[in-house]
Amino acid sequence: VLEAVAILRGALMAHYNFNDWLGLTARYDRFDDRGGTRLGHSVRETEKSFTIAPTVVLGDGAGVLAEYRRDESSSLVYGNGTKDSSDSFAVEFTYKF
C-alpha cells in the first residue's frame, strides 16, 4: 500500500503593476507534510504561508523589492518548538543584463 507522505495542497501567486515603476506581488501556499519528512521539522504538520512584496523599478534593468512573509503551522515548530508561526522580512536588489 502506497501512502502519500507530503501533498502540496495549493499555491496561488499574483502580480500587478500599478505603473511603469511600481508593482505588487502576493503569494499563498499550503503544504501537508503527513510523514514529517519534507519541511525539516521532523513532525507531521500542515504549513501555510503568505507573502506580499512591493516591487520598484530603479532604472535600466535595476530593481528592488521588500518582502514580508508569514508562515503558520499546525504544530509548534518555530521559536525552538514554542510557536506555531513565524514572520520574516527580506529586501532584494536585482539587476538584468
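The legends below describe several close-up views of one predicted protein model.

Residues are numbered from 1 along each chain as its sequence is written. Because the model is predicted, local features need pLDDT of at least 70 and side-chain atom pairs count only at pLDDT 80 or more, while totals for chains, interfaces and linings use all residues, and side-chain values use heavy atoms, with hydrogens and water left out.

**View 1. The protein chain holds five strands and zero helices.** Along the sequence the pattern reads β-β-β-β-β, where strands (E, at least two residues) and helices (H or I, at least four) are DSSP runs numbered from the N terminus. Of the 97 residues, 23% count as buried, a word that here means under 20% relative accessible area, found with a 1.4 Å probe on protein chains only.

**View 2. Strand S4 pairs with S3 and with S5.** S3 and S4 run antiparallel and are joined by 10 bridges, whereas S4 and strand S5 (residues 85–95) pair in the antiparallel sense over 11 bridges; two strands pair if DSSP finds at least two bridges between them. Asp71 in S4 is the bridge partner of Ser49, and the bridge partner of Asp71 in S5 is Ser86. In the hairpin of S3 and S4, two residues lie between the strands, and Gly61 takes a positive phi near 80°.

**View 3. Ser73 is found in strand S4.** Is Ser73 buried or exposed? Ser73 counts as buried because its relative accessibility is 9%. The side chain of Ser73 reaches the backbone nitrogen of Ser75 at 3.0 Å. Leaving aside neighbours within four places in sequence, Ser73 is in contact (heavy atoms within 4.5 Å) with Glu45, Thr46, Glu47, Tyr78 and Asp84.

**View 4. The largest pocket has a volume of about 260 Å³.** Of the 18 residues that line this pocket, the closest to its centre are Thr55, Val56, Val57, Ala62 and Gly63. On a 1 Å grid over the protein atoms alone, a pocket is an open set of points where a 1.4 Å probe fits, with protein on both sides within 12 Å along at least five of seven lines, and lining residues have an atom within 4 Å of a point; the volume is the space filled by probe spheres set on the points. Strands S1 (7–17), S2 (22–33), S3 (45–59) and S4 (62–73) each supply at least two residues of the lining. The lining divides into seven nonpolar, nine polar and two charged residues, with Gly counted among the polar ones and Asp, Glu, Lys and Arg as charged.

Methods. Buried means under 20% relative accessible area, exposed over 50%, partly exposed in between (1.4 Å probe, protein chains only). A polar contact is a pair of N or O atoms within 3.5 Å; within protein, one must be able to donate a hydrogen and the other to accept it, and residues adjacent in sequence count only if both atoms are side-chain atoms.
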